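Reader: I am new to this structure and would like to go through some of its parts with you. Could we look at it together?

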Amino acid sequence: MTVLRQLAIYLTLLLVLLLVGTLVVNISDDRNALKIQLQSNARDTATSLGVAIAATEPGNLAIIDSIIDAVFDSGFYQKIQFLGMDGKSLVNSELPVESEGIPDWFIQLVDLQLFEVTTEVNSGWVPVGRLQVISHPGHAYRSLWSKAKASVLLFSAALLLAIIGLNLLLRIILRPLSGMERQANAIFQRRFEIQSTLPKTREFRRVVEAMNHMAGKLEQTFTEQIVLTEELRQQSIKDDLTDLLNRRGFDARVTSALAQGKASGSSFLVVKVSGLDELSRNLGRKDTEALLLAISQQMTTSLTSWPRSFAGRRSESEFAVFSPECDVAESQHITDAVYTGLGDLSFFASQEGRDSLHLAAVSHSGCCPSEMLYDQADQLLRSVQKGGVNAWQVTDITDQQTPSALGSEKQPTLYGKSHSSAEWGEEEWLQILQKVMANRDIVLHVEDVFDNQQQLMFKEVLARIRVGEELLPAEAFLPMVERFDFHGKFDQTVLLILLDHMAEIDEKQDFSLNLSPYSIVDDVFFDWLLVTMKAKPGMARRLVLEVPGRTMLLDKRLGDRVDKLVETGCRFCIDRFGIASQTMKSLHNLNLNYLKVDDSFVRDISRNRNNQLYLRTLSMLAYNRDIKLLVQGVETDDEWKLLQELGVQGGQGRYLSSPVVL
């Protein structure tokens, strides 16, 4: 029961008791006064009638009867009786007590209890009889009943006005409590709101100020944790000078992208700045570092059109770019863009730097280990450097002999992109995707996600498209889906297929579905998704919607959209967290249920102290925000045990389960 309702009930009972007490006291006083008045009236009447009867002839009952009737007819008497000395009634006039319009319970409750007034009638000194008079209480009862009704009506009206007024007053006074409740709920939902309007009531003002102070301190603490965690991540995978991925971070990202067939077709670009030592001796270390910083910034700018590509600094004078799901034509565009951007730098346009910039890129249409990409790129780079002047070159190594490791047991054999699909042009892809979505030629696979007790949390849905006899994984067709702006329509199709399946099965199994970052920020798709979730609340409660971490940087409205989706009952998860920079600062704006760390942080976790510290700190941060921390790519029992020790609450990977057809 709310405080407002408790106070209202208490004050209402108090006013009712006051009404009842006042009414009882007033009616009791009036009852006693009327009782005395009626008895006094009976006494006076008995005296005056006795004198009148004594003046008549003794034994003339007719005259006595006329005298008594004349007085009795006034209606103020219940009984007037003249008795002889022998006690025999000579004249008797009597009326019943009328209760018309007066409840019997009221008469019994008041009960005036009138007594007879008796006087002796004498003729001279000789007694001739006795006269008995009882006043009629009807008028008294009616007077008391009218007063009681008027008092009840008056007090009821006053009580109603008092209740309404007290409710309004209490609502105004207690309004800060609603604000504090919203503020506390916001803190629970990881939003640190400050109440700008302070209440006028001194006690509430102090409480609100304390709540604001607490929210501010919590936000500061959370921000400090975010900054610390981001610094740990930067130290773990970022180059101190250029802020690009360092060699360890870059290699981990590449390995993660190539693992388990996740990159079906890829490109690796090496950027070499020759003569850096001599340049440092001639220009000084400060100018050399300025040049390296300018190179990294220009490379980042050149890659804006390819959000899936990422750059790193592999050595003092060598940079690299990896582009997943990339064919040789796309690799040429990327290499040309990077070369053109770097060529605009004043150093490489000068006489001194015209033979210092060399780029070599290799592209593979299937799945291959990172070592093969590195070796082929290094060989091509040495060939480009032999030309002397600044230049770039791209080659397709798909037909090169793959090392034996590729065919080992640890390498993926399912869902690899075939050479035929790699050769499809844009027009072919357009027709294929349109046909797939029209016919729903989409096969859903699921991969189990377990908690740290190895209990099933939900099943992550993986979409494959069927083209003839071939099943293509998401990595093979998603770049084309995004190129043709089919992301919203494709995600809608996948979700409808999943909802149909969920409606058919009996068990209440939960599923997670990855959405394209461009779908969730698309107004048309989001409006459709919100309407669908509201229309199917039972399904919504069984769904976990996932978006990649880079989505947090695409649209500032993501926080509001997540709130609206969570209100429908579904849960929300950030997938592949930790890759995109600056995502930690946006974390506290999202109402998340899960945070899924990219599997690049799991690779060699037992030997990587920086990643261990990052995951431990991130787990503490997630726990404080009531977010469950999950990881991807768990492949061994040792990894799984160590991750649980670091605070991870769930995960997925080949050690825990393999994808199966839904």
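Reader: Which residue of strand 4 does Q81 stand opposite?

Author: In this predicted model, strand 1, made of residues 77–83, pairs in the antiparallel sense with strand 4, made of residues 126–135, over six bridges. Looking across to strand 4, the residue that Q81 stands opposite is Q132.

Reader: In what order do the four strands of the open sheet lie, and which are the edge strands?

Author: The four strands form an open sheet with antiparallel pairing, and their order is 2-1-4-3. From one strand to the next, the twist averages 15°. Each edge strand pairs on one side only, and the two that do so are strand 2 (89–94) and strand 3 (117–123).

Reader: Is G578 buried or exposed?

Author: G578 belongs to the loop that runs between strand 15 (571–577) and helix 20 (583–586). Its C-alpha atom is separated by 6.2 Å from that of V597, although the two residues are 19 residues apart along the chain. Because the relative accessible area of G578 is 3% and the cut-off lies at under 20%, G578 counts as buried.

Reader: How many Å does helix 15 reach from its first C-alpha to its last?

Author: Helix 15 covers residues 487–504, which makes 18 residues, and several of them are buried, including H487, F490, L498 and M502. At 1.5 Å a residue, a span of 26 Å is expected for helix 15, and the reach in the model is close to that, namely 26 Å.

How values were computed: Residues are numbered from 1 along each chain as its sequence is written. This is a predicted model: local features need pLDDT of at least 70, side-chain atom pairs count only at pLDDT 80 or more; totals for chains, interfaces and linings use all residues. Side-chain values use heavy atoms; hydrogens and water are left out. The expected span of a helix is 1.5 Å times one less than its number of residues. Buried means under 20% relative accessible area, exposed over 50%, partly exposed in between (1.4 Å probe, protein chains only). Two strands pair if DSSP finds at least two bridges between them. Axes are lines fitted to C-alpha atoms, for helices over the stretch in contact, and angles run from 0 to 180 degrees between N-to-C directions.
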